[in-house]
Amino acid sequence: MAGRHLDKVRQTAVEALEGMRDGASVLVGGFGLCGNPEALIAGVVERGPRDLWLISNNAGNLGKGLAAWLKAGLVRKVTCSYIGNNEDLHRAMASGAVEVDMVPQGTLVERIRAGGAGIPAFFTPTGVGTVVAEGKEVREFDGRQYVLERAIRTDFALVRGKVGDSFGNMRFWRTARNFTPLMATAAETTIAELDHMVPLGDIDPDEVHLPGVFIHRVIEVPDHEDPFEYRTVRPRPHRRASSEGG
Amino acid sequence: MVWRREEMAQRAAREIEAGSIVNLGIGLPTLVADYLPESLGVWLHSENGLLGIGPFPFEGDEDPQLTNAGKQTVTFVTGGSTFDSAMSFAMIRGGHVDLAIMGAMQVAQNGDLANWAVPGGKTMGIGGAMDLSSGARRILALMTHTTKEGEPKLVGECAYPLTARGVVRRVITDLAVVDVTSEGFRLVECAPDVTAAEVRAKTGAPLLGG
């Protein structure tokens with residue numbers, strides 16, 4: 001009998017997504033377009049499951065990232081913290097095609113963290129006295145009010161890492177980490193998309209950001225689009241004409 | 001003469017103590033960063049998982065995987081760090097962020113903050129605003145004194161959906177600096193050539209002081 005942690009490496013996104021059926025609940029890492037598992041997002045469109053419950057901070061933006069699922073009509077419900085300029089989500093919500101459950105960002109990540117850590121619910125000060133607390137238990141601790149929030153656990157989590165190995169030990173790059181380490185813990189099946197796959201042992205134990213215990217399938221995807229969401233720069237000062245070129 | 005956006009940001013920067021951890025909201029509050037000298041030793045926090053935000057990158061150095069909470073490309077200052085969203089919000093809710101400077105749609109005389117939705121309008125979302133306003137040690141609202149239509153944004157009671165109750169301590173607008181006290185709004189300072197009477201006329205609740 002083999003456990004879940006043998007032979008995790010898959011060759012394609014579609015293969016890695018085996019078992020994702022209609023009605024599945026799916027966590028997808030990323031903050032806006034930063035840190036998206038782009039190949040897995042495209043792989044889900046190719047497989048074409050319907051009525052998905054998508055939990056992700058933004059569910060795409062500017063027509064990119066998870067907007068592909070909205071355009072393909074795969075999603076029934078979105079749990080997110082921010083819509084902003086995501087016109088695909090505004091449209092889907094206005095037409096009634098997609099139900100949107102808006103959650104404060106810190107509450108969203110804590111619900112996911114709790115789900116992965118075996119904590120069914122927790123009290124938070126965030127949202128007390130607002131629409132977020134409506135219908136929920138509010139309790140006072142040490143003179144301050146807190147609202148009871150429930151954990152989130154899902155069928156799948158789709159995440160991205162900069163470097164990883166065949167067991168799923170992972171490292172992240174810059175602000176691409178965001179929700180990913182928490183989401184990886186909170187799903188029955190977590191699939192990791194790695195920019196670079198390295199041999200087991202190449203990542204020093206002290207340098208592992210996320211241990212492979214939370215990862216069930218792994219694919220290597222060397223080429224990512226990584227679109228700029230809002231490209232903000234300042235001019236480079238004191239650059240001499242003679243040094244320009246190339 | 002009303003304060004321009006840059007002058008509002010500059011005035012808000014004077015509220016920041018040396019050696020503090022500060023979160024700047026999306027939009028106008030982001031401009032405050034331009035008025036914080038390095039010598040002040042302030043660490044800017046971004047809720048997507050970054051402490052020690054630096055200026056925008058030089059052209060050609062931008063990295064789509066290094067962004068602030070407004071999804072703009074940024075840099076680190078020396079000593080900056082990255083971390084996951086749970087740790088980022090532990091910093092916020094756990095009282096480790098000293099000051100949050102936030103945009104606002106309405107602030108009530110009891111410190112209620114509304115800044116995430118307009119009834120009947122397009123909902124942009126909550127993002128980190130509810131966690132920041134409940135968790136940061138001090139909340140400063142930075143906004144125009146009235147709407148484009150001239151309606152007061154400092155009000156007796158918020159008509160818009162709340163972000164948090166009783167959290168705003170000080171408001172900086174294009175006209176004035178106003179504190180929220182246990183007795184209501186109190187005028188602290190007017191923009192040059194703006195009179196207390198003008199500020200009072202454009203405020204939707206009693207204004208003490210001046």
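# Chatting through chains A and B

Me: Hi! How do H5(A) and H2(B) pack, in terms of angle and axes?
Reply: Helix H5(A) packs against helix H2(B) at an angle of about 125°, and their axes are 9 Å apart. Keep in mind that this is a predicted model.

Me: What does that make H5(A) relative to H2(B)?
Reply: Angles over 145 degrees count as roughly antiparallel and 65 to 115 as roughly perpendicular. The angle here is about 125°, so H5(A) is oblique to H2(B).

Me: And is the crossing left-handed or right-handed?
Reply: Left-handed, as H5(A) passes H2(B).

Me: Which residues make that contact?
Reply: From H5(A) there are A:Gly106, A:Val109, A:Glu110 and A:Arg113. H2(B) brings B:Ser85, B:Ala86, B:Phe89, B:Ile92 and B:Arg93.

Me: How do those divide into nonpolar, polar and charged?
Reply: Four are nonpolar, two are polar and three are charged.

Me: Let's zoom out. How many residues does the contact between the chains take from each?
Reply: Chain B gives 43 residues and chain A gives 45. On the chain B side, helix H2 (85–93) and helix H3 (129–135) each supply at least two residues. The largest share of that side, five residues, comes from H2(B).

Me: What about classes on the chain B side?
Reply: The side of chain B that touches chain A has 17 nonpolar, 16 polar and 10 charged residues.

Me: Back to H2(B). Why is it largely enclosed?
Reply: Seven of its nine residues are buried, so the rest of the structure largely encloses H2(B).

Me: Which ones are buried?
Reply: In H2(B) they are B:Ser85, B:Ala86, B:Ser88, B:Phe89, B:Met91, B:Ile92 and B:Arg93.

Me: And what covers them?
Reply: Both chains take part in covering the buried residues of H2(B). The cover includes helix H5 (105–117), strand S5 (121–124) and helix H6 (180–185) of chain A, along with S2 and H3 of chain B.

Me: What comes just after H2(B)?
Reply: There you'll find B:Gly95, with a positive phi of about 80°.

Me: You mentioned S2 of chain B. Which strand is it joined to?
Reply: S2 (residues 43–46) is joined by two bridges to S3 (residues 50–54), also in chain B, and the two run antiparallel. S2(B) and S3(B) form a hairpin with three residues between them. In the turn, B:Gly49 has a positive phi of about 115°.

Me: What is the bridge partner of B:His45?
Reply: B:Leu51, in S3(B). B:Leu51 also has B:Ser81 as its bridge partner in S4(B). Four bridges join S3(B) to S4 (residues 75–82) of chain B, again antiparallel.

Me: New topic: what is the order of the open sheet in chain A?
Reply: The three strands come in the order S5-S7-S6, with antiparallel pairing. S5 and S6 (138–141) of chain A stand at the edges with a single partner strand each, so each has one side without a neighbour in the sheet. The twist averages 40° from one strand to the next.

Me: How many bridges join S6(A) to S7?
Reply: Four, joining S6(A) to S7 (residues 144–150) of chain A. As an example, the bridge partner of A:Arg139 in S7(A) is A:Tyr146.

Me: Last one: where does H5(A) lie?
Reply: H5(A) lies across S5 and S7 of chain A, running at about 150° to S5(A).

Definitions and conventions: Residues numbered from 1 in each chain as written. Chains lettered and ligands numbered in written order. Predicted model: local features only at pLDDT ≥ 70, side-chain atom pairs only at ≥ 80, totals over all residues. Pairing = 2+ DSSP bridges. Contact = placed C-beta atoms within 7 Å. Nonpolar A, V, L, I, M, F, W, Y, C, P; charged D, E, K, R; others polar. Buried ≥ 20, exposed ≤ 12 C-beta atoms within 10 Å, placed from the backbone. Axes fitted to C-alpha atoms, helices over the stretch in contact; angles between N-to-C directions. Parallel < 35°, antiparallel > 145°, perpendicular 65-115°, else oblique. Left-handed = near helix turned anticlockwise from the far one by under 90°.
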